[in-house]
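Here are my notes on this model. They are in numbered points, for reading alongside the coordinates.

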Amino acid sequence: MPKGKPNAKYVRFTEEMNGVDYLERAYAAIQRFPRDPRAWKWIVISLHGALYSFAVCAIKGTDWTRVTKPGTRRLIAFDEAIRRCQSSEWTTQYVRSRPVQLSDDQKDAIRWLKSIRNQLEHYTPLAWNIEEHSLVTSAIAALDVVRALALDTGNVRLDTTQRHTVEACVRKGTRFLQATQLYRDYVAAMQRRQRKTP
C-alpha cells in the first residue's frame, strides 16, 4: 500500500441487491414521468435490469454456473434467463420452489420492453416517438413479473427489508401507473372495443 493511502474501503454488490436497486430506480422514475416524459428511458432500462437480475437469482440457487454459458463466466442472455424461469427443470431447487407462469400479455410486454431497452442502450441516431399507452401497460405487466420472480419462485434469497422493498415498489408503482390518465384512456379504449365486438 502506498505511503499515506487510507485503509481500503469496499462497496458490496450481490445479484439480489442489484435486482432490488434496479426496481427502486424504476419506481423513482415512474413517479417522475408525468412531469418529465424522459423518465420513461429509466423506467424501461431499470425494469429490464430488475427482470434480468431476479431471473438470474431465481435459477442460480447456490451454483452460479447454472446462469453462465457452459465452460465460461459469461452470463446467459436475458431471453434464456426468462425462459428458464418458466421451467421446473431450472427452478425446482427447494421444497417451495416453483416456476413462474407468464401470460401471453406478459411475454409480449417483456419482449417489447426489451426491444425498447436495447434501442435506448445502443441508440442509433434518429428521431424516435414511442407510444406511451403501451409503455404504461407494459410497465405494469413487467412489475408483476418482477414480483413473481423475486417473491414467488421460492429461490430468491432476500432479507425482510428487501422483500418489503420489492412488495412496496411493485404495489406503489402499479397503483401510480394505473392512476394515470394514460392508463385510464387505455382501459376506456379497450372497453369501447369490447362493446363493438359482436
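1. Start with Asn 155. Leaving out residues up to four places away in sequence, Asn 155 touches Cys 57, Ala 58, Thr 91, Gln 93, Tyr 94 and Ser 97. Asn 155 sits in the loop between H6 and H7.

2. Is Asn 155 buried or exposed? The relative accessible area of Asn 155 is 4%, so this residue counts as buried, the cut-off being under 20%.

3. What does the side chain of Asn 155 meet? A polar atom of that side chain lies 2.8 Å from the backbone oxygen of Ala 58. The backbone oxygen of Thr 91 lies 2.7 Å from a polar atom of the Asn 155 side chain. Both Ala 58 and Thr 91 are also on the contact list of Asn 155.

4. Now the nonpolar core. The largest one has 54 residues. Phe 54, Leu 149, Val 166 and Leu 177 have the most contacts inside it. Helices H1 (15–32), H2 (39–60), H3 (78–85), H5 (104–121), H6 (132–152) and H7 (160–178) each give two or more residues to this core. H2 supplies the largest share, 15 residues.

5. Take Leu 149 next. Neighbours within four places in sequence aside, Leu 149 is in contact with Leu 51, Phe 54, Ala 55, Ala 58, Ile 82, Cys 85, Val 100 and Val 156.

6. A word on confidence. This is a predicted model. The mean pLDDT of the protein is 93, and 97% of its residues reach 70 or more. Confidence is highest in H7, at a mean of 98, and lowest in helix H8 (residues 181–196), at 89.

Definitions and conventions
Residues numbered from 1 in each chain as written. Predicted model: local features only at pLDDT ≥ 70, side-chain atom pairs only at ≥ 80, totals over all residues. Heavy atoms only, no water. Core = buried A, V, L, I, M, F, W, Y, C linked by side-chain atoms within 4.5 Å. Buried < 20%, exposed > 50% of the residue type's maximum accessible area, 1.4 Å probe, protein only. Helix = DSSP H or I, 4+ residues; strand = E, 2+ residues; numbered from the N terminus. Contact = heavy atoms within 4.5 Å. Polar contact = N/O pair within 3.5 Å; in protein donor to acceptor, adjacent residues only side chain to side chain. pLDDT = per-residue confidence, 0-100.
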